[in-house]
Amino acid sequence: MKNIINGIRKCKENCYKARYKFDLKTTGGRIITKEELLAAKPLVDDWRNQKILLISQAPSKQAFVDGELSSLNNNFFSKFFLPKIFSESSMQAAMKIFKKRVFWLHTSNCYPFVYSEKRKRDKSPLLRCANKYIGEVIDKMRPLFIILMGGSATK
């Protein structure tokens, strides 16, 4: 698994770099510059022998440029995602349980942030990039459970 993760992190296909044309404002109000997006590396969780595989579309814009996925600094993770799963726990305890049990992967490890006015959401990732590592991870990891979050993951 560590070799696959290193491959994802070192991926140089630049599937979405041509789409990074503008500075972006996050939901938290922070401006992410085009330069930050271009400098960001593919983002994937660390391997800790987890037994549950969570597949979602992409890291949040903030997580992508900050290089932090399963972290309380990732607002999507700490303020939206974890409270939905661990409503009774402290976020510190919830994060510890999550990191021990769940390996988080995306159909796009380089965020395809291009917004679609028609659909009112980000466009789905390119299949050549989305399918690049998922099969390898599933074959190697042999998860007990796979959780698919969102339309991109279920496709």
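The legends below describe several close-up views of one predicted model.

Residues are numbered from 1 along each chain as its sequence is written, and side-chain values use heavy atoms, with hydrogens and water left out. Because the model is predicted, local features need a pLDDT of at least 70 and side-chain atom pairs count only at pLDDT 80 or more, whereas totals for chains, interfaces and linings use all residues.

**View 1. Confidence along the chain.**
The predictor's confidence in each residue is given as pLDDT, from 0 to 100. The chain averages a pLDDT of 83, and 88% of the residues score at least 70. Helices (H or I, at least four residues) and strands (E, at least two) are DSSP runs, numbered from the N terminus. Where pLDDT is low, the predicted coordinates should not be read in detail.

A salt bridge is a side-chain nitrogen of Lys or Arg within 4 Å of a carboxyl oxygen of Asp or Glu, and the structure holds three of them. One joins the side chains of R9 and D46, at 2.7 Å from N to O. R9 belongs to helix α1 (residues 2-9) and D46 to the loop between α2 (34-39) and β3 (52-56), so this pair ties together parts that are 37 residues apart in sequence. Another salt bridge connects R48 with D45, at 3.3 Å from N to O. In the remaining view of this group, D46 meets R48, with the closest N and O atoms 4.0 Å apart. Through shared partners, the salt bridges join R9, D45, D46 and R48 into one network.
D45 is buried at 3% relative accessibility. R9 at 30% is partly exposed, as are D46 at 41% and R48 at 28%.

Two strands pair if DSSP finds at least two bridges between them. Three strands lie in the order β4-β3-β7 and form an open sheet with parallel pairing. β4 (102-106) and β7 (145-148) are the edge strands, each pairing on one side only. On average, neighbouring strands are turned by 20 degrees against each other, direction ignored; axes are lines fitted to C-alpha atoms, for helices over the stretch in contact, and angles run from 0 to 180 degrees between N-to-C directions. β3 and β4 run parallel and are joined by five bridges, with L54 opposite W104 in β4. β3 also pairs with β7 in the parallel sense, over four bridges, and I55 stands opposite L148 in β7.

Five of the five residues of β4 are buried, so the strand is largely enclosed by the rest of the structure. Both of its faces are covered. V102, W104 and H106 are buried on one side, and F103 and L105 on the other.

**View 2. Aromatic rings around F77 and W104.**
Rings of Phe, Tyr and Trp (its six-membered ring) pair if their centres lie within 6.5 Å; planes under 30 degrees apart count as stacked, over 60 as edge-to-face and the rest as tilted. The whole structure contains nine aromatic pairs. In one of them, F77 and W104 have ring centres 5.7 Å apart and planes at 35 degrees, so the pair is tilted. F77 lies in helix α4 (residues 75-85) and W104 in strand β4, so the contact ties together parts that are 27 residues apart in sequence. F77 is buried at 0% relative accessibility, and W104 is buried at 1%. Ring pairs link F76, F77, F80, F81, F98 and W104 into a cluster.

Which residues of helix α7 (residues 134-141) are buried? They are I134, V137 and M141. Seen down the axis of α7, these buried residues fall within an arc of 65 degrees, so they line one face of the helix. The arc is that of the directions from the helix axis to the C-beta atoms. An α-helix has 3.6 residues a turn, so residues three or four places apart point the same way. D139 and K140 are exposed on the other side of α7. R142 follows α7 and has a positive phi, near 50 degrees.

Definitions and conventions: Buried < 20%, exposed > 50% of the residue type's maximum accessible area, 1.4 Å probe, protein only.
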